[in-house]
Amino acid sequence: MTTIDSALFDDLQARGLIAQTTGGDVLAEYLAEGSRTLYSGFDPTADSLHIGHLVPLLALKRFQLAGHKPVALVGGATGLVGDPSFKAAERKLNTPDIVAGWTNKLKAQVSRFIDFDCGENSAEVVNNLDWVGQMNVLDFLRDVGKHFSVNNMINKESVKQRIDREGAGISFTEFTYMLLQSYDFAELYKRYNCTLQIGGSDQWGNITGGIDLARRMYSGETYGLTLPLVTKSDGTKFGKTESGTVWLDPAKTSPYAFYQFWLGTADADVYKFLRYFTFLSLSDIAAIEERDRNTEGRPEAQSVLAKEVTRLIHGEEGLRAAERITEALFSGGLEQLSEPDLEQLQLDGLPSSTLVRAQLADKPLTQWLVDAEMAASGKQVKDALGRGAVLINGDAITFDENLDGAACFNESRARFQRFYIVKLGKKKYHLFVVE
RNA sequence: GCAGGGGUUCCCGAGUGGCCAAAGGGAUCAGACUGUAAAUCUGACGCGAAAGCUUCGGAGGUUCGAAUCCUCCCCCCUGCACCA
């Protein structure tokens, strides 16, 4: 018999992880009284999840740890249609085989976070294409569509801006998305007695749609809970860096870059993020906050956050690699790195490139750095050059040197004849290996 | 199909014949200050080391000169019509 942690709801609330719920206190009680089955959906809109998906993903795990059974739904079907919720414009459709490929990747990714072998509340991963895929249009219209009122649908906040906004619009396809997702909930209710759907706060309309449908089709009593949208205190979008989205796939965002992302969290956000993204207890987090408040200089919270989240996503190994690189680059000991250290940095995932010595003179430094994706354009490098912000193995490079790639990467500047650590600005590092 | 409104540099959004590589804001990058933070200030922000080159949905045209004018085409929005 699974033990239920009746404090779950209070804990979620205290973490700020509850945006809205249906049922209010009834839901809290319902969760405290027994092991429930809940689900959250992830649509394949890319070949990897990103940190924006982390809140619902971790929430599934929080529920599981508290004794409930999580179902992760990967939207092989809904991904073919596109969720219009709060989107400014119609999205372009991806081909079925692309979506199928992404679906498989997401299934694998999602599976790493929840436990499939813990008895009664073992997790499930499902794909809604399995039940929507073979449904025919007429059945859908008669069995599902009949339960929806267009009048209600167009009043949903999530599609309103698309309907009201001049210059926008919404296709029937996207408009129908809500029906598909609602049907998922009803179907999971039938299959697994799944009685709770969780999701981002943008999913509220879709979730309540599902609750209504489950009641109408099966007289099922179900609940919804939404998680807050992650926002930053400065108003910029969470989860983006200069180089774009922060992905969970280590091939798309290295553990080092991932670690650095969290390390850069603003003070104003970091304690909130600890509550959102880690499993540290609220009292531990409060203790960290208290210590930081009483300490001069750099707070401890960011490194705790980076460590916890990186370990969660990339494991102990990924975390250690990220820490090794960070330590080497930011603790000032660059000159002390041994040859094996430098080789290890490369293995650990420090961005690196291999250049051929004979070709160095072909391009200016600006171009080499652009090619290595250290900067988007030579202009940016040029700007940095003018401010002495480009360092090769510690030497500031000048404008004049820039033109001659070979001079920049000259042999006397090399470490162990072939390694050059280029620093652009305060944080960007790249290892060049010249052969 | 008809009528009207639109498509501008990453985003929003000015610009209606030269002073426009194109206002302003946001985002982003670099510098100062710091704690690899925030705020603030400074600079950059189509590409190029530079000379210079390429842009304002697409293709042509008018003009000494076009993002701005004309023609055709593509796409989006709103309404009407068609259909019933």
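Q: What makes the crossing of H11 and H12 left-handed or right-handed?
A: A crossing is left-handed if the near helix is turned anticlockwise from the far one by less than a right angle, and right-handed if clockwise. In this predicted model, H11 passes H12 in a right-handed crossing.

Q: Why are H11 and H12 called oblique to each other?
A: The axes of helix H11 (residues 177–192) and helix H12 (residues 204–218) cross at roughly 50 degrees and come within 7 Å. Axes are lines fitted to C-alpha atoms, for helices over the stretch in contact, with angles from 0 to 180 degrees between N-to-C directions. Angles under 35 degrees count as roughly parallel, over 145 as roughly antiparallel, 65 to 115 as roughly perpendicular, and the rest as oblique. H11 and H12 are therefore oblique.

Q: Which residues make the contact of H11 with H12, and how do they divide by class?
A: Contact means heavy atoms within 4.5 Å. Among the residues that make it are Tyr177, Phe185 and Lys190 of H11 and Gly205, Leu213 and Tyr218 of H12. By class there are twelve nonpolar, six polar and two charged residues. Here Ala, Val, Leu, Ile, Met, Phe, Trp, Tyr, Cys and Pro count as nonpolar, Asp, Glu, Lys and Arg as charged, and the others, Gly among them, as polar.

Q: Why is H16 called oblique to H17?
A: The axes of H16 and H17 cross at roughly 130 degrees and come within 9 Å. That angle makes H16 oblique to H17. The crossing of H16 and H17 is left-handed. Ala321, Arg324, Ile325 and Ala328 of H16 meet Gln344, Leu345 and Asp348 of H17 in this contact. The residues divide into four nonpolar, one polar and two charged.

Q: What makes Asp348 and Arg324 a salt bridge?
A: A salt bridge is a side-chain nitrogen of Lys or Arg within 4 Å of a carboxyl oxygen of Asp or Glu. The closest N and O atoms of Asp348 and Arg324 are 2.6 Å apart, and the two form a salt bridge. The pair links distant parts of the chain, 24 residues apart, with Asp348 in helix H17 (residues 339–348) and Arg324 in helix H16.

Q: How many salt bridges does the rule give?
A: The count comes to 20 salt bridges. One of the pairs is Arg291 with Glu300, at 3.1 Å from N to O. Arg291, at 44% relative accessibility, counts as partly exposed, and so does Glu300, at 30%.

Q: How do you know whether Thr245 is buried or exposed?
A: Thr245 has 18% relative accessibility, so Thr245 counts as buried. Thr245 lies in strand E8 (residues 244–245). Helices (H or I, at least four residues) and strands (E, at least two) are DSSP runs, numbered from the N terminus.

Q: What conventions apply?
A: Residues are numbered from 1 along each chain as its sequence is written, and chains are lettered from A and ligands numbered from 1 in the order in which they are written. Local features need pLDDT of at least 70, side-chain atom pairs count only at pLDDT 80 or more, and totals for chains, interfaces and linings use all residues, while side-chain values use heavy atoms, with hydrogens and water left out.

Conventions
Buried means under 20% relative accessible area, exposed over 50%, partly exposed in between (1.4 Å probe, protein chains only).
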